Amino acid sequence: MAIIAFPILLPFLLIISFLVFRSDRLARWIGPIGSVLLLVLSVYLFVLVRQHEVISLQMGGWEAPFGITLVIDYLSALMLVVSSIITFPIAIYALNFLAGEIKLNRFFVFFYGLTMGMNGSFITGDVFNLFVWFEVMLMSSFVLITLGRTKEQLEGGIKYLALNLVGSMFFLAGVGILYGKTGTLNMAHLAMILTNDNQAILMNTSAVLFFVAFGIKAAIFPLYFWLPASYHTPNITISSLFAGLLTKVGVYTFIRFFTLFFVHDPQFWHQLLLIIAGFTMVAGGMAAAAHYETRRILSYHIISQIGYMIMGLGIFTPLSIAGAIFFTMHNMLAKTNTFLASGMINKARGTFYLKDVGGLYKQSPLIAILFIIPAFALAGFPPISGFFAKFILIKAGVESGNYVITGVAVLTGMLTLYSMLKIWNEAFLKVQPNNQHVNHPVYKPGFAEYFPSLFLGIISILMGIFAFVVFNDTMIAARQLINPSIYIDTVLKGFTP
């Protein structure tokens with residue numbers, strides 16, 4: 001099925017078009033249209049996966065494990081769909097919220113570079129190619145974070161790049177040791193070898209290296225410091241893109257590796273994952289509660305929410321992994337939307353600092369509504385998606401007897417609620433303070449400006465209303481991950497070592 005390669009090929013063709021035409025006027029059309037095509041493609045691939053369970057493509061006709069493999073299972077398909085749901089509204093948001101000094105054509109080159117790397121990470125069936133796609137994402141995201149060339153951006157970009165390069169070094173070292181021990185980097189082949197190998201415990205050295213690498217990418221405790229130091233520096237369009245996508249690729253790789261072939265020492269790894277998840281939740285939640293700059297609050301909340309996803313993997317039951325996937329999907333949508341809404345708050349008041357904001361509910365109740373939907377989703381209010389995501393994880397924790405991490409999850413939910421209410425009270429309910437921002441022009445968003453946030457808000461609500469349907473798909477994904485025989489058989493097609 002050659003169409004499996006299209007999530008990589010389509011962004012590449014769009015990048016070529018931007019480089020050839022170099023026109024901001026054309027970029028205003030090609031950028032959003034390309035995101036629509038990606039959304040349609042992702043939905044179609046998900047339909048194919050529903051029919052065939054797992055689909056794969058051997059590039060160049062070289063059979064696995066000797067060639068380059070692209071493979072899409074339920075987890076990959078779900079991540080492709082949600083990420084394309086996010087890139088579509090951000091492509092439209094960029095038309096109105098990118099600063100004047102950032103050229104649209106230049107932005108979309110790296111926007112689709114990031115998308116190509118992300119899609120490649122989701123569908124590759126090879127560990128080395130996963131490293132390659134991570135580097136494509138890193139290069140694109142570094143350029144995006146420094147677009148605008150302010151001192152603050154360069155400082156944040158250097159911190160972002162430095163720590164992520166360290167993560168790449170750990171990743172590459174892990175790849176080398178993994179290949180030296182097994183003679184293969186094909187994920188399905190690794191799963192076949194390590195499942196039947198009595199010496200698989202020796203893989204712990206490689207697993208530790210990958211754990212650190214993915215921990216940096218996912219921003220888990222204590223490897224998260226690059227995120228709050230950098231996410232608040234670029235244009236809000238770019239921060240919104242990063243918030244929904246970058247760390248979730250790290251979570252995806254955690255789930256993929258620690259369910260497919262790093263399954264040899266479950267007692268150690270699952271316990272470590274639960275400990276890290278608890279510290280990640282609390283550290284991010286408490287830091288968010290201490291800040292008054294909207295983007296910093298939301299950045300720290302990215303960290304605390306990652307803890308829930310790692311918690312689901314650490315519990316390691318079908319229900320908990322389904323909950324982790326559900327929570328990841330919900331958080332990608334809601335977190336992106338809170339950043340989009342914060343951009344409208346900034347446009348209305350000229351600042352992200354909550355002490356200088358106020359009175360927005362009377363001036364623009366629409367912005368208030370657009371913010372409260374993802375805020376309620378993150379806090380876990382029914383019937384929005386976040387309630388069901390947290391309910392599944394808490395239920396899995398109680399059923400498995402992991403009461404400590406379940407209690408930490410409930411406590412972190414309270415911290416999330418506090419932070420969301422703080423933004424709501426400061427930005428919308430309190431009287432606008434008498435300061436330099438009082439004379440900022442009255443801002444009334446037009447349809448094109450509020451549509452991206454409205455679109456994601458509707459998706460979050462629908463994800464809550466039809467939670468049972470979404471949960472069924474995530475449960476199928478979880479069962480495929482815990483029992484990867486279909487994945488292995490589809491990729492290797494009868495290959496025997």
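Helices (H or I, at least four residues) and strands (E, at least two) are DSSP runs, numbered from the N terminus. The model is predicted, so local features require pLDDT of at least 70 and side-chain atom pairs pLDDT 80 or more, while totals for chains, interfaces and linings use all residues. Residues are numbered from 1 along each chain as its sequence is written, and side-chain values use heavy atoms, without hydrogens and water.

Two cis peptide bonds may be located in loops. P383 lies in the loop between α15 and α16, and the bond from P382 to P383 is cis, with omega near 0 degrees. P65, in the loop between β1 (55-58) and β2 (69-72), is joined to A64 by a cis bond with omega of about 5 degrees.

Most residues other than glycine have a negative phi. E53, between α2 (24-52) and β1, has phi near 75 degrees; A219, between α8 (204-218) and α9 (226-230), has a positive phi of about 65 degrees. Buried denotes under 20% relative accessible area, exposed over 50%, and partly exposed in between (1.4 Å probe, protein chains only). A219 is therefore buried, at 0%, whereas E53 is partly exposed because its value is 37%.

Helix α18 (residues 447-465) has 19 residues and should span 27 Å at 1.5 Å a residue, which agrees with the 25 Å between its end C-alpha atoms; the expected span is 1.5 Å times one less than the number of residues. Among the buried residues of α18 are Y450, S453 and F455.
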